[in-house]
Amino acid sequence: MSAPGDTHPELRYEQRDVSVGSIVRFAIALMVVVVLASVFLLGLFKLLAREARRHDPPPPPLTQEAGRLPPMPRLQSTPLQDLEQLRAEEEKELTSYGWVDQKAGVAHIPIEEAIKIVAARGLPHAGPGSSPSPAASPSPAASPSPAPAPAPGGRR
C-alpha cells in the first residue's frame, strides 16, 4: 500500500483554475465581431436596395394614379364586413314577413312559422304531370297508404 504522502507520477491534474481574463477577452472579441458583421451586412443591404431601385424600370405612363378606383367590377376591399352584412340580410329575411312579389301575391314568412305549417300540413305530394303546390297538399287527417313491406331476401 502506498502512504498518504506518496505522489503518483502517472496521475496528473490541472494545478490552477480557469483563467477568467481569457474568457472575458474572448467574450469581448465575440461581441466586436458580431457588431462589425451586423454593421457590414446592414450597409450591404442598403447598397443592394439602392442598386435595385436604380435598375427598376419606370412605371408605365398610363398607370392609375393613387387613390383612383379601377373600373367595375372590383375585388372586395372588406370581405369580412361584406360577409357579415350578407349574413345579417339573410337572417333578417329568414326571421321576418315580407313580399317577394306583391303583384303576384307571393310573400315570405319566418322560417320557424314555415316549419310549423309544414309539420301541421305535411309535405305536398307531386303526382305525374302535376307541379307541387302547397294548396294541393293532403291534410294530416288523410292517411296515405303505407309503403309495401320488403319481400324476404331484401328485394321488392
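**Exercise 1. How many residues apart are arginine 54 and glutamate 51, and in which helix do they lie?**

Work out the placement of this pair, then decide how their side chains meet and how open each one is to solvent.

*Step 1.* Bear in mind that this is a predicted model. Both arginine 54 and glutamate 51 sit in helix α1, and they are 3 residues apart, about one turn of the helix.

*Step 2.* Now check the side chains. A salt bridge needs a side-chain nitrogen of Lys or Arg within 4 Å of a carboxyl oxygen of Asp or Glu. Arginine 54 and glutamate 51 have an N to O distance of 2.9 Å, and their side chains form a salt bridge.

*Step 3.* Finish with accessibility. Arginine 54 has a relative accessible area of 58%, so it is exposed. Glutamate 51 comes in at 27%, so it is partly exposed.

**Exercise 2. Find the salt bridge in helix α3 and describe its two partners.**

*Step 1.* Start with the tally: the protein has 2 salt bridges. Side chains of opposite charge can pair when their charged atoms come close.

*Step 2.* Helix α3 covers residues 111-121, and it holds lysine 116 and glutamate 113, 3 residues apart, or about one turn of the helix. Their side chains meet in a salt bridge with an N to O distance of 4.0 Å.

*Step 3.* Lysine 116 is exposed because its relative accessible area is 53%. Glutamate 113 has 32%, so it counts as partly exposed.

**Exercise 3. Is histidine 108 buried or exposed, and what does it touch?**

*Step 1.* Apply the cut-off. Buried means under 20% relative accessible area. Histidine 108 has 18%, so it is buried. Across the 156 residues of the protein, 2% count as buried.

*Step 2.* Leaving out neighbours within four places in sequence, histidine 108 contacts Glu93, Ser96, Tyr97, Gly98, Trp99 and Val100. With glutamate 93 there is a polar detail to note: the backbone oxygen of glutamate 93 is 3.4 Å from a polar atom of the histidine 108 side chain.

**Exercise 4. Which residues make the nonpolar surface patch of about 470 Å²?**

*Step 1.* Go through the list: Val20, Val24, Ile28, Val32 and Leu36 make up the patch.

*Step 2.* Take one of them as a check. Valine 24 lies in helix α1, which spans residues 20-55. Its relative accessibility is 43%, so valine 24 counts as partly exposed.

Note on methods. Residues are numbered from 1 along each chain as its sequence is written. This is a predicted model: local features need pLDDT of at least 70, side-chain atom pairs count only at pLDDT 80 or more; totals for chains, interfaces and linings use all residues. Side-chain values use heavy atoms; hydrogens and water are left out. Patches are made of residues with over 30% relative accessible area and no salt bridge: like charges are joined within 9 Å, nonpolar side chains (Val, Leu, Ile, Met, Phe, Trp, Tyr) within 5 Å. Accessible areas come from the Shrake-Rupley method with a 1.4 Å probe; for residues, only the protein chains shown count as cover. Helices (H or I, at least four residues) and strands (E, at least two) are DSSP runs, numbered from the N terminus. Buried means under 20% relative accessible area, exposed over 50%, partly exposed in between (1.4 Å probe, protein chains only). A polar contact is a pair of N or O atoms within 3.5 Å; within protein, one must be able to donate a hydrogen and the other to accept it, and residues adjacent in sequence count only if both atoms are side-chain atoms. Contact means heavy atoms within 4.5 Å.
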